[in-house]
Amino acid sequence: LAVTAAQAPGGTELHEAELHVLAPAAAPPPVDLRLPVPKEQLPTRLDHAPVALRHPRSRATFELAAASVAGFRAALDRLGFVEIQTPKIVGSATESGANVFRLDYFGGQRLHRYEDCVRALGGHTEGYEGYLETFRHGMPPHGGFALGLERWLARLLEAPNVRETTLFPRDLNRLAP
């Protein structure tokens, strides 16, 4: 029963509330979600990210991330840009230094001449034929960039470590996605 109460946050209190546990916890959480600031060190929070991300402070970080992306997208939409999502070309991520990363970029400009792409691969084009076909038949100069969302959030929130602004960060101890 909702009752008006001036002293209550938001001006309303619940009276005679009934709670029903839908899924009881099998064990206490590894991170205390009730504290205003998590007391656990970063490695513990990262090791238990699925639970730690429930903390209101973590949740607020990713709500800010969503708002940042929405604002960025809206600004580019107003300027007439077209957003695309490109698939991974190879099984390993470009962050690991995969060949495609070396193939795609020369400084901030993407390679767009077939000969330059072949040279970037050291002449070893096996496995890249489908990707190179576009360049063989003419690719206009093009570019790409990343928002750097995690670094933006880390600076904005003055986070001591960028991994605190990444949903499921991978590092030397956490390689699985």
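Predicted model: local features only at pLDDT ≥ 70, side-chain atom pairs only at ≥ 80, totals over all residues.
## Basis

Local features require pLDDT of at least 70 and side-chain atom pairs pLDDT 80 or more, while totals for chains, interfaces and linings use all residues. Residues are numbered from 1 along each chain, and side-chain values use heavy atoms, without hydrogens and water.

## Helices α3 and α7

Helix α3 (residues 56-78) and helix α7 (residues 149-157) have axes that come within 10 Å and cross at roughly 120°. Helices here are DSSP runs of H or I with at least four residues, and axes are lines fitted to C-alpha atoms over the stretch in contact, with angles from 0 to 180 degrees between N-to-C directions.

In the contact (heavy atoms within 4.5 Å), α3 contributes T61, L64, A65, S68 and V69, and α7 contributes L149, W152, L153, L156 and L157.

## Second largest pocket

The second largest pocket has a volume of about 440 Å³. A pocket is an open set of points on a 1 Å grid where a 1.4 Å probe fits, with protein on both sides within 12 Å along at least five of seven lines; lining residues have an atom within 4 Å of a point. Of its 22 lining residues, R45, R57, S58, T61 and E164 are closest to the centre. Helix α3 gives the most to this lining, with five residues.

Methods:
Helix = DSSP H or I, 4+ residues; strand = E, 2+ residues; numbered from the N terminus. Points joined across faces, edges and corners; volume = space filled by probe spheres on them.
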